[in-house]
Amino acid sequence: MTTNDSPVTEEELHAYVDGELPADRNEAVVAWLSAHPDQAALVGAWRTQADSIRARYGAVANEPVPDRLQLDQVMKQGRPSARSWAAVAAAAVIAFTLGGTSGWMARGASGVAPTGFESFTADALDAYKLYVVEVRHPVEVPGSERAHMTQWLSKRLGADLRIPDLQVIGLKLVGGRLLPGPTGAAAFYMYEGASGERFTIYCAKAKATETALRFKSHENSAAFYFVDDKVAYVVSGPDDREALEKVTKSVYEQVDKTGARKS
Amino acid sequence: MGTFAQNVEATIPALRRYARALTRDSDIADDLVQDTLVRALRSEHLFHGGEIRSWLYTILTNLNRNRLRSLARRPSMSSIEENDAPDMAGPEAGGRDIQRALATLVEDQRSALLLVVLEGLSYREVAEVQGVPIGTVMSRLARARVQIKTYLDGERPALRRVK
């Protein structure tokens, strides 16, 4: 393969065009091309393609970078300022308040700290974005095995979980999977509506007993976050707050019912 | 501004170039770059040395793949061609031809070809960016070149089985 007189492969021709050919094969390829004009024409065509691509797009790199892509602008988006975050969160609390609103702000140090909440929600949103586009394998366990999944995930999380039934609002359980969470295992359920819209619930054990509802939207996705009975839930979906709130309300009512039953 | 941010910043023009060629739409391209930068800055703690440039290309490539997948989930299956209206910015017919030719490629092939010929990444780097073996990169590259040549030669795209 690396000897000088072995036949030249098509892969080597590509490597030759792209400057990836080992030096000791260069001579063989050049000789091969001079003896095979059709192959030489092909190599020429590939080079022309590359030149055209560079001619068409190369200059983009010399354009001034727009303001919104300046790093200081981007940093503001990446780390929302406390003020804008508080405004969003406050609005969420007003829109839809769950019991025990004195919840986590007061518990900050001992319970789920705000940063914990942020990263937890970010993890959930990442999981949402990762799996919501997955067509073939969005879940590990199909929704038809709800009982088994409830048992399995409850065991892994060490919490008595209940997988909400959202048929009433037109969402079918696609299934669920186990994911790494901030402090151990997290359970992840996916639901799908009639027109293919997907919502996910990400939950894991939390230190806080209860929190108020929080809302976060990011890159076309949005999430509601709350803690009930020491389990944190993040309900994620497309960035349509009204629709997501409806789903979250339904989820909350069902998981809270579980809590009520236990006590 | 630390070294990490400086390195990220230095890569922005190249990311814009790659994104423009990848999407053939300047707004979508800059959106992708913006999302890439946000994610990179947010994930700085996940970056453990190595080539920042390759890492940024990886993020951008993945984000674009996600974008196309979510478009593809919508009823209209023509989404991939959505951005392929002739671009007014391409004055010469030659520019427009290569743009249309790129539009006919499968996303992974387009990305492989652009990373090699436009961004100058090595096959190994492209393999890392795409998360596939080098052999797969090379076969994507080969298929992309066949497809572009077929398109530019004015033939109907050939259904060609490739090893």
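Two strands are taken to pair where DSSP finds at least two bridges between them. In this predicted model, strand β4 (residues 198-205) of chain A and strand β7 (residues 231-238) of chain A meet that condition, being joined in the antiparallel sense over 6 bridges. Within this pairing, A:Ala204 is placed opposite A:Ala232 of β7(A).

The two strands belong to an open sheet of 7 strands in chain A, whose order is β1-β2-β3-β4-β7-β6-β5 and whose pairing is antiparallel. The edges are formed by β1 (141-142) and β5 (214-218) of chain A, each of which has a single partner strand, so that one side of each is left without a neighbour in the sheet. Although β5(A) stands at an edge, 4 of its 5 residues are buried, and the strand is therefore largely enclosed by the rest of the structure. The partner of β5(A) is strand β6 (residues 221-228) of chain A, to which it is joined by 5 bridges in an antiparallel arrangement, with A:Ser217 standing opposite A:Ala222 of β6(A). In the hairpin that these strands make, 2 residues lie between β5(A) and β6(A), and A:Glu219 adopts a positive phi near 50 degrees.

When neighbours within four places in sequence are left aside, the contacts of A:Glu140 are with A:Gly176, A:Arg177 and A:Leu178. A separation of 36 residues in sequence lies between A:Glu140 and A:Gly176, yet their C-alpha atoms are 5.9 Å apart in space.

Helix α8 (residues 146-157) of chain A lies across β1, β2 (172-181), β3 (184-192) and β4 of the sheet, and runs at about 15 degrees to β2(A). The helix comprises 12 residues and reaches 16 Å from its first C-alpha to its last, close to the 16 Å expected at 1.5 Å a residue. Just after α8(A), a positive phi of about 70 degrees is found at A:Gly158.

Chain B, by contrast, contains 7 helices and 0 strands, and its pattern along the sequence reads α-α-α-α-α-α-α. Of the 163 residues in chain B, 36% are buried. Where contacts in chain B link residues at least 6 apart in sequence, 58% of them join residues at least 24 apart. Helix α7 (residues 134-152) of chain B has 19 residues, which at 1.5 Å a residue should span 27 Å, and the 27 Å between its end C-alpha atoms agrees with this expectation. The buried residues of α7(B) include B:Val137, B:Met138, B:Leu141, B:Ala144 and B:Ile148, and also among them are the arginines B:Arg140 and B:Arg145. Just after this helix, B:Gly154 takes a positive phi of about 80 degrees.

The contact between the two chains involves 31 residues from chain A and 39 residues from chain B. On the side of chain A that touches chain B, at least two residues are supplied by each of α1 (10-17), α3 (37-57) and α4 (71-78), and α3(A) gives the most, with 10 residues. By class, this side of chain A is made up of 15 nonpolar, 7 polar and 9 charged residues.

Note on methods. Residues are numbered from 1 along each chain as its sequence is written. Chains are lettered from A and ligands numbered from 1 in the order in which they are written. This is a predicted model: local features need pLDDT of at least 70, side-chain atom pairs count only at pLDDT 80 or more; totals for chains, interfaces and linings use all residues. Two residues are in contact if their C-beta atoms, placed from the backbone, lie within 7 Å. Axes are lines fitted to C-alpha atoms, for helices over the stretch in contact, and angles run from 0 to 180 degrees between N-to-C directions. A residue is buried if 20 or more other C-beta atoms lie within 10 Å of its own, exposed if 12 or fewer, and partly exposed in between; C-beta atoms are placed from the backbone. Ala, Val, Leu, Ile, Met, Phe, Trp, Tyr, Cys and Pro count as nonpolar, Asp, Glu, Lys and Arg as charged, and the others, Gly among them, as polar. The expected span of a helix is 1.5 Å times one less than its number of residues.
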